[in-house]
Amino acid sequence: SAPDLQDPPKKIAVVGAGIGGTAAAFYLRQEFGAGVKIDVFEPESVGGRLATVKVGDHEYETGGAMIHPLNLHMKHFIEKLGIPPRKDVHSKMAIFDGKELTFEESDWFIINFLRLLWRYGFNFLRMQMWVESILDKFMRIYQYQQYGYSFSSVERLLHAMGGDSFPTLMNQTLEETMIGEGFSQVFLNDIVAPITRVNYGQSVRINGFVGAVSLAGTDSGLWAVDGGNKKVCSGLLYHSKSELIPAKVTSISVKVRPSKTGPASSFYEVNYVDGSGSAHALYDIVVIATPLHQGKSDIAFSGFSPPIPSHYPGRFQQTVSTLVHGMLNMSYLGTTEPASKFTVSDILTTDSKGSVIHTLSSVDPVHIPPDYKRPPASQTKVWKVFSPQPLSQEQLKDMFLSRDSVSETRWLAYPSYSPPHRKTPPFILHNRLYYLNAVEWAASAMEMSAISARNVALLAHHRWHKQVGKIDQEDLHTRLRGEL
Ligand SMILES: Cc1cc2nc3c(=O)[nH]c(=O)nc-3n(C[C@H](O)[C@H](O)[C@H](O)COP(=O)(O)OP(=O)(O)OC[C@H]3O[C@@H](n4cnc5c(N)ncnc54)[C@H](O)[C@@H]3O)c2cc1C
Ligand SMILES: CC(C)=CCC/C(C)=C/CC/C(C)=C/CSC[C@H](N)C(=O)O
């Protein structure tokens, strides 16, 4: 018989078990209760772009590494799952222009402050204030979601957070935005570009919104999950009592089942392949939690009107993450500083011609052993290089005096962000078919996927129960003022 839309759905499929898919399973369980069966399809490792590799006796993050102190969903997840944050190891930054180090952070706050003031006036302080003002608006999403509000498109979600200012940020480059705000071109080249390069492998011509997220990625208090960020994904999967189906979804079609007694009902047929061949299953609701882009997934949608494309326009940017266990060649950095005194952890790079790397970092294991101190560059240790292309043997030889091991991961990492931004893909692909990774076109980060997961779960719930009053409400900020 036709499903009574007041009854909860019986079966939900989530495609992809990265942080987006596993957070979606968690929030779908929260919204729809214990009775619904949730299947999560994942042909690769749980975690997706959150992954570790083993070097020697320890594991190191090779994908998504750092979480902002105000990323409240990620914080909530580890609290709920009882996973501690990783022990903090003090980090220190330097900037490399391809020939020499143009800036090296001191251990003394006052020295850094005076150096930056001398070179860039108040640009640095003003940048921190500018990012803080954007974060203030960004934080509104948590209150909206706590009250159960959801949004049918990325544009509406951004507008609810930041009014017209957020869509405006999406339509301008970070460079245009910051120049418009009075920041100097020198400051953009020397400081801002290295930050967008380390975080998104791109220049200051990314959109202003992802640019601001990137700048927030250099705030103090960044943290990571003890044992590896991917532990959050396996924890959410377990906590949500979902079933992990180790299979790749190949196609989704809409099936209409006629009924003698009431209106016809429709289901989604999810076709998938695993080690033993192909199979299919029917679902009331489906959430796609992987980018629908060339090289990221290849899901055919059939029987939909209007048609749903397998791939949306735009491309994903390659970032190659190379972990080298070895000894750094200090002369590569053009410095005569003794390696035994060199304790910089993150070497960012300027956007100069011929620059083959985006960043070079001394990395710490995902679990910090007791009494751990980050070794200086005179010792053999683990370095992580981000580059747009795989490093050649020659390039590795230039950078390192010795190499005990080299491990390379090629990521199609995040969208290539070039405004004016085209319309972002929709959250709603069809009546009960949702697309979580649409949000990555605003910015790609763990918390963005988590926010989108909660939004999609709320949207799925409200649309199932026809609670339209909780979707796309205008002026929530004013209406909810004083409610918390
Ligand atoms: C090198 C790097 C560094 C980063 N650093 C940070 C950072 O420091 N901080 C931060 O917040 N973010 C960071 N990010 C971004 C962050 O990792 C991502 O935004 C986030 O992990 C995306 O999660 P997701 O679940 O939405 O997508 P994914 O993690 O990509 O998950 C999608 C999953 O879907 C699966 N899948 C694909 N096709 C199918 C199919 N047909 N059927 C079934 N399953 C399928 C994939 O195997 C994958 O596991 C970084 C990313 C990279 C690559
Ligand atoms: C979403 C909000 C408000 C904040 C997120 C801030 C953040 C942590 C941004 C970083 C995003 C990103 C894609 C980083 C990639 S590189 C990270 C690190 N430097 C590394 O070396 O792995």
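**Two ligands and their surroundings**

Q: Which residues are closest to ligand 2, and how many surround it?
A: This is a predicted model. In it, 14 residues surround ligand 2, and the closest are A65, M66, N71, N199 and K384.

Q: What does K384 do there, in terms of distance?
A: An N or O atom in the K384 side chain sits 3.1 Å from an oxygen atom of ligand 2.

Q: How much of ligand 2 does the protein cover?
A: 88% of the 610 Å² of accessible area that ligand 2 has on its own.

Q: Which elements give two or more residues to that shell?
A: Those are α4 (123-138), α9 (185-200) and β16 (381-387). The most comes from α9, with 3 residues.

Q: And the shell by class, what's in it?
A: Around ligand 2 there are 8 nonpolar, 5 polar and 1 charged residues.

Q: OK, switching to ligand 1. Which residues are closest?
A: G20, E42, R49, M66 and S444 are the closest, out of 35 residues that surround ligand 1.

Q: What are the distances from ligand 1 oxygens to E42 and R49?
A: For E42, a side-chain N or O atom is 2.5 Å from an oxygen of ligand 1. For R49, the side-chain distance is 2.8 Å, again to an oxygen of the ligand.

Q: Is the G20 atom backbone or side chain?
A: Backbone: an N or O atom of G20 lies 2.8 Å from an oxygen atom of ligand 1.

Definitions and conventions. Residues numbered from 1 in each chain as written. Chains lettered and ligands numbered in written order. Predicted model: local features only at pLDDT ≥ 70, side-chain atom pairs only at ≥ 80, totals over all residues. Heavy atoms only, no water. Near = heavy atom within 4 Å. Polar contact = N/O pair within 3.5 Å; in protein donor to acceptor, adjacent residues only side chain to side chain. Areas by Shrake-Rupley, 256 points an atom, 1.4 Å probe, with all protein chains shown as cover. Helix = DSSP H or I, 4+ residues; strand = E, 2+ residues; numbered from the N terminus. Nonpolar A, V, L, I, M, F, W, Y, C, P; charged D, E, K, R; others polar.
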